[in-house]
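Have the sequence and the model at hand as you read.

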Amino acid sequence: MLPRMRRRLASGARTNWPLLLTLAAAVTAFAPSLTSPFWLDDYFYLLAARELSTPDYVRAVFTPWGSEPLLPFTRDFWRPLAFLWFELLQPLAGGNPLPYHLLVLAGHLAAVVLTWLVAARIDERRAVRAIAAGIVAVYPGTYQAVTWISSVNSIALPLALGAWLAFLYGTDRPGKVRWRPVVLAVLLLALAVMTRESGWVALPVIAGWHLAVTCRWQLRSRAAWLPLLPFAALAVAYAVIRTRLFTEPLANREIFDWGSHAWRNYRTLLELLLFPFRERVEGLHGWRKLLQELSAPVIPLLTVACALLGRWRPAVLLVGALISLLAVAPNLLGIGPRYLYFTVPWVALGLAIVAADLLALLPLRLRTAAPAAGILLLGFATFATFDRIEEWTAWGPGQQQQWVDALRARHPELPPGATVYCTGNVPGWLTLFDGVNLAPAVRWYYPDAAGAVYIPPGIRPELGPGDVLFVAP
């Protein structure tokens with residue numbers, strides 16, 4: 001029995017070594033984030049998990065359009081499963097960021113594995129799964145979706161990928177549906193959209209693949225459409241719950257609304273997709289910006305070309321990617337590369353199929369060199385992502401933690417009910433939106449304090465009894 005198990009493990013390692021290498025690359029790339037301190041929104045969740053009783057916390061996160069002051073995000077975002085992770089981890093991990101980071105990283109590694117499994121299911125060529133999984137693993141633009149603890153909602157991605165994989169198992173034979181995998185797919189998608197609403201971006205891919213690839217020649221049959229009905233029912237149930245029986249809107253129009261900004265955002269996301277250069281405060285200029293602008297039509301044009309050539313598999317995946325951008329483009333608070341996290345897998349799978357097609361046209365000697373070239377590209381992307389995360393840790397969470405440490409060194413204790421008025425060299429991220437993130441950060445370290453208020457330079461606040469003015473060095 002033992003020798004047989006060893007042979008199976010050895011055989012699996014020989015077959016799946018690109019996946020093992022890709023997972024190792026992902027762990028290496030994201031290693032700097034494991035020592036990153038808490039940052040911005042993290043303190044809202046930590047404080048709420050500590051201050052609220054479990055029933056009150058659960059009630060707050062499951063209530064659409066909630067009004068809990070300690071969890072203001074529940075008003076605009078219905079992500080109960082993502083919020084629940086803090087309630088589960090906070091009593092165990094407390095103020096140690098490592099367990100929170102490990103959870104988000106585990107979700108990312110699961111997304112890599114599921115991309116590999118989906119690729120193996122939709123295309124038998126090994127190059128497709130290796131390319132797709134490699135892109136998802138170390139794509140440098142979306143690093144904040146894994147490094148930032150508040151991005152625990154990114155776990156919606158592996159759940160969504162798992163939903164498609166289950167659906168593929170249940171519908172791989174036209175006209176013959178295995179309902180258990182289909183029901184599992186619906187349940188996984190339900191968990192995904194309860195973790196982050198972006199989980200819905202998997203649905204156009206699920207439906208598009210089923211209709212355009214699996215059942216393309218049976219569309220007149222009701223049996224072809226039947227497996228999609230549970231997803232329609234899920235969408236209706238979600239809308240009913242999210243809108244409180246249609247008494248509330250699906251989204252806060254002050255945060256998410258259609259307008260001219262949506263199409264500017266959409267084009268910006270397309271520019272970032274193929275060339276996610278590191279953006280400085282002053283933005284990109286020169287050849288990098290020009291390259292991004294020229295790359296914007298590439299994916300749309302490639303999608304059209306695939307459709308015209310009858311290559312429906314990559315066409316469906318790339319259409320799904322283009323649709324997924326509509327899920328974030330109307331964001332009024334701004335967009336950035338991290339919002340591409342739920343787009344990258346569909347682009348990766350589509351490009352992987354196109355790349356495998358092109359590789360098949362090359363001479364044999366060039367095809368044999370492809371694995372070595374792939375490993376070099378994987379190594380380059382790993383280094384680029386590692387370097388970007390290391391820099392982010394320093395200027396983002398690291399800088400904020402330095403400010404927190406300076407405050408605690410200056411004021412080891414604060415009187416109950418004290419307010420900290422903060423001015424001077426306050427990190428820029430903490431001053432956004434009138435310094436909304438200051439109060440939870442201060443209250444986390446000073447449980448009896450009333451909170452903190454940001455004071456722009458040149459303004460002298462009127463201090464009450466016990467209040468302190470902290471001028472950051």
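Why does Leu226 count as partly exposed? This is a predicted model, and in it Leu226 has a relative accessibility of 40%. Partly exposed covers the range between under 20% (buried) and over 50% (exposed), so Leu226 falls in that class.

Leu226 sits in the loop that runs between α13 (222–225) and α14 (229–242). Together with Trp179, Val183, Leu187 and Leu229, Leu226 makes a nonpolar surface patch of about 460 Å².

If you are looking for the main contributor, turn to helix α11 (residues 179–195): this helix gives the most to the patch, with 3 residues.

## A buried loop residue

Now for another loop, the one between α18 (312–324) and α19 (344–360), where you will find Thr343. Is Thr343 buried or exposed? Its relative accessibility is 1%, so Thr343 counts as buried.

Leaving aside residues up to four places away in sequence, Thr343 touches Leu273, Ala321, Ser324 and Leu325. Thr343 and Leu317 are 26 residues apart in sequence, and their C-alpha atoms are 10.0 Å apart in space.

Trp164 belongs to the largest nonpolar core, which has 137 residues. Tyr57, Trp164 and Trp403 are the residues with the most contacts inside that core.

Technical notes
Residues are numbered from 1 along each chain as its sequence is written. This is a predicted model: local features need pLDDT of at least 70, side-chain atom pairs count only at pLDDT 80 or more; totals for chains, interfaces and linings use all residues. Side-chain values use heavy atoms; hydrogens and water are left out. Patches are made of residues with over 30% relative accessible area and no salt bridge: like charges are joined within 9 Å, nonpolar side chains (Val, Leu, Ile, Met, Phe, Trp, Tyr) within 5 Å. Accessible areas come from the Shrake-Rupley method with a 1.4 Å probe; for residues, only the protein chains shown count as cover. A salt bridge is a side-chain nitrogen of Lys or Arg within 4 Å of a carboxyl oxygen of Asp or Glu. Helices (H or I, at least four residues) and strands (E, at least two) are DSSP runs, numbered from the N terminus. Buried means under 20% relative accessible area, exposed over 50%, partly exposed in between (1.4 Å probe, protein chains only). Contact means heavy atoms within 4.5 Å. A nonpolar core is a set of buried Ala, Val, Leu, Ile, Met, Phe, Trp, Tyr and Cys residues joined through side-chain atoms within 4.5 Å.
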